[in-house]
Amino acid sequence: LAQVILGQEKLSNSVLGAARPSSVPIMPETMEISAAAKSGDGSTQNVGIKVDGKFQCPECRQKFDSEKAKQLHWKFIHDPNRHQED
């Protein structure tokens, strides 16, 4: 039998074909997406851009629902002093 290594355990094909353990979550057939996570307005120009936010990033077109969210975006996306690991 072919074996697969998961961490330190070797599992045979017979185990892999077994029923899903109850600890493994099932993906829902439909997914709820919160309003805060939605972006765009249906146009290709605004794909990925939150257009209904009240706080505009000074360096890009992104908008946010709060000043704190805008500051975190700027810190991790635009801040030239932030250390970047290569």
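A disulfide here is a pair of cysteine sulfur atoms within 2.5 Å, and by this rule the count comes to zero. Cys 57 is in no disulfide, and the nearest cysteine sulfur, that of Cys 60, is 3.7 Å away. Welcome to a predicted model, in which local features need pLDDT of at least 70 and side-chain atom pairs count only at pLDDT 80 or more, while totals for chains, interfaces and linings use all residues. Residues are numbered from 1 along each chain as its sequence is written, and side-chain values use heavy atoms, with hydrogens and water left out.

**The two cysteines**

- Cys 57 counts as buried because its relative accessibility is 2% (buried means under 20% relative accessible area, exposed over 50%, partly exposed in between, with a 1.4 Å probe and protein chains only).
- Cys 60 counts as partly exposed, because its relative accessibility is 28%.
- The 3.7 Å from the sulfur of Cys 60 to that of Cys 57 is too far for a bond.

**Two buried lysines**

- Lys 50 sits in the loop between H1 and E3 (helices are DSSP runs of H or I with at least four residues, strands are E runs with at least two, and both are numbered from the N terminus).
- With a relative accessible area of 8%, Lys 50 is buried.
- The side chains of Lys 50 and Asp 52 are joined by a polar contact of 3.2 Å (a pair of N or O atoms within 3.5 Å; within protein, one must be able to donate a hydrogen and the other to accept it, and residues adjacent in sequence count only if both atoms are side-chain atoms).
- Lys 70 belongs to helix H2, residues 67–78, and counts as buried at 18% relative accessibility.
- Not counting residues up to four places away in sequence, Lys 70 touches Phe 55, Gln 56, Cys 57, Pro 58 and Phe 64 (contact means heavy atoms within 4.5 Å).

**Asp 41 and its partners**

- Asp 41 is also found in the loop between H1 and E3, and at 48% relative accessibility it counts as partly exposed.
- Its side chain makes polar contacts with the side chains of Ser 43, at 2.6 Å, and Asn 46, at 2.8 Å.
- Leaving aside neighbours within four places in sequence, Asp 41 is in contact with Asn 46 and Val 51.
- Asp 41 and Val 51 are ten residues apart along the chain, and their C-alpha atoms are separated by 7.1 Å.

**Met 27**

- Met 27 lies in the loop between helix H1 (13–16) and strand E3 (55–56).
- At 63% relative accessibility, Met 27 counts as exposed.
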